[in-house]
Amino acid sequence: MSIHVVVMGVAGCGKSTVAEAIHERLGYAYAEGDDFHPQANIDKMSAGIPLTDEDRWPWLKVINTWMVAREALDEDTVVSSSALKRSYREVLAQNVPTFFVHLTGSQELIQQRLNERKGHFMPPALLPSQFAILEPLQPDENGVEVSIEGSVEEMVERAVAAVNEYAAKVAAQSQQAE
């Protein structure tokens with residue numbers, strides 16, 4: 001069984017940075033969730049208009065299809081996706097075992113990081129709309145919260161450690177089943 005990690009959280013929390021680090025350090029196939037957005041979504045966000053659920057469903061399904069295809073190839077994957085609502089996470093996890101790494105931090109810290117970010121289509125003004133719909137991971141969901149406090153390297157280390165711990169647990173369960 002493969003491992004499929006979704007690094008989730010609001011814009012500017014470090015999803016791409018953490019997902020890339022998991023790819024580089026653990027060798028998981030990597031996809032940037034933003035690359036799966038249709039142009040209409042990018043245009044809408046670039047104009048400062050928050051996406052609706054109807055905008056997100058096709059995008060989430062495409063990410064899920066990518067993970068399911070990699071599962072068929074027995075590849076471990078990591079993808080960045082806001083996955084702000086439980087219903088979004090349920091779409092992402094359809095037919096594929098998924099582990100969510102939720103990057104958490106204060107709105108003030110993330111706003112500061114967004115204000116310093118250059119060259120991204122998501123304007124900092126949309127951050128409050130993301131926090132407004134954010135549904136944190138629930139105890140019955142397969143995942144872990146990772147703080148973004150401290151340096152980027154500290155955040156990455158915490159996230160990679162969480163994925164390694166989950167992978168070890170999956171391996172142990174797999175051995176017990178044999």
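## Aromatic pairs

A search of the whole of this predicted model turns up three aromatic pairs. Let's look at two of them. Trp-57 has a relative accessible area of 25%, so Trp-57 is partly exposed. Tyr-88, at 0% relative accessibility, counts as buried.

Now for another pair: the rings of Phe-99 and Tyr-166 have centres 4.1 Å apart and planes at 10°, so this pair is stacked. Here too, distant parts of the chain are linked: Phe-99 sits in strand E4 and Tyr-166 in helix H7, 67 residues apart. Are Phe-99 and Tyr-166 buried or exposed? Both are buried.

## Helix H7

Tyr-166 brings us to helix H7, so let's check the length of this helix. With 26 residues at 1.5 Å a residue, H7 should span 38 Å, and its end C-alpha atoms are 38 Å apart, which agrees. If you multiply it out yourself, remember that the expected span uses one less than the number of residues.

Which residues of H7 are buried? They are Met-155, Val-156, Ala-159, Val-160, Ala-162, Val-163, Tyr-166, Ala-167 and Val-170. The buried residues of H7 pack against strands E1, E4 and E5 (143-147), and against helices H1 (15-26) and H5 (107-116).

In soluble globular proteins, nonpolar side chains tend to be buried together. The largest nonpolar core in this model has 49 residues, and Val-5, Ile-22 and Leu-103 are the ones that touch the most other members. Helix H7 (residues 152-177) gives the most to this core, with nine residues.

What does Leu-103 touch, leaving aside its neighbours within four places in sequence? Its contacts include Val-7, Met-8, Val-18, Val-146, Ile-148 and Met-155. Leu-103 is also in contact with Gly-9, Cys-13, Gly-14 and Lys-15.

Strand E3 covers residues 77-80. In a regular strand the side chains alternate between the two faces of the sheet. You can see this in E3: Thr-77 and Val-79 point one way, Val-78 and Ser-80 point the other way, and all are buried.

Strand E1 (residues 4-8) runs parallel to E3, and four bridges join them. Val-5 in particular has Val-78 as its bridge partner in E3. Strand E2 (residues 29-31) is also parallel to E3, joined to it by three bridges. There, Ala-31 has Val-79 as its bridge partner.

## Two loop residues with positive phi

Finally, have a look at two loops. Asp-74 lies in the loop between helix H3 (53-72) and E3. Asp-74 is not a glycine, yet has a positive phi of about 60°. With 54% relative accessibility, Asp-74 counts as exposed, because the cut-off for exposed is over 50%.

Asn-95 is in the loop between helix H4 (86-92) and strand E4 (98-104). Asn-95 also has a positive phi of about 60° although it is not a glycine. Its relative accessibility is 72%, so Asn-95 counts as exposed.

Technical notes: Residues are numbered from 1 along each chain as its sequence is written. This is a predicted model: local features need pLDDT of at least 70, side-chain atom pairs count only at pLDDT 80 or more; totals for chains, interfaces and linings use all residues. Side-chain values use heavy atoms; hydrogens and water are left out. Buried means under 20% relative accessible area, exposed over 50%, partly exposed in between (1.4 Å probe, protein chains only). Two strands pair if DSSP finds at least two bridges between them. A nonpolar core is a set of buried Ala, Val, Leu, Ile, Met, Phe, Trp, Tyr and Cys residues joined through side-chain atoms within 4.5 Å. Contact means heavy atoms within 4.5 Å. Rings of Phe, Tyr and Trp (its six-membered ring) pair if their centres lie within 6.5 Å; planes under 30 degrees apart count as stacked, over 60 as edge-to-face and the rest as tilted.
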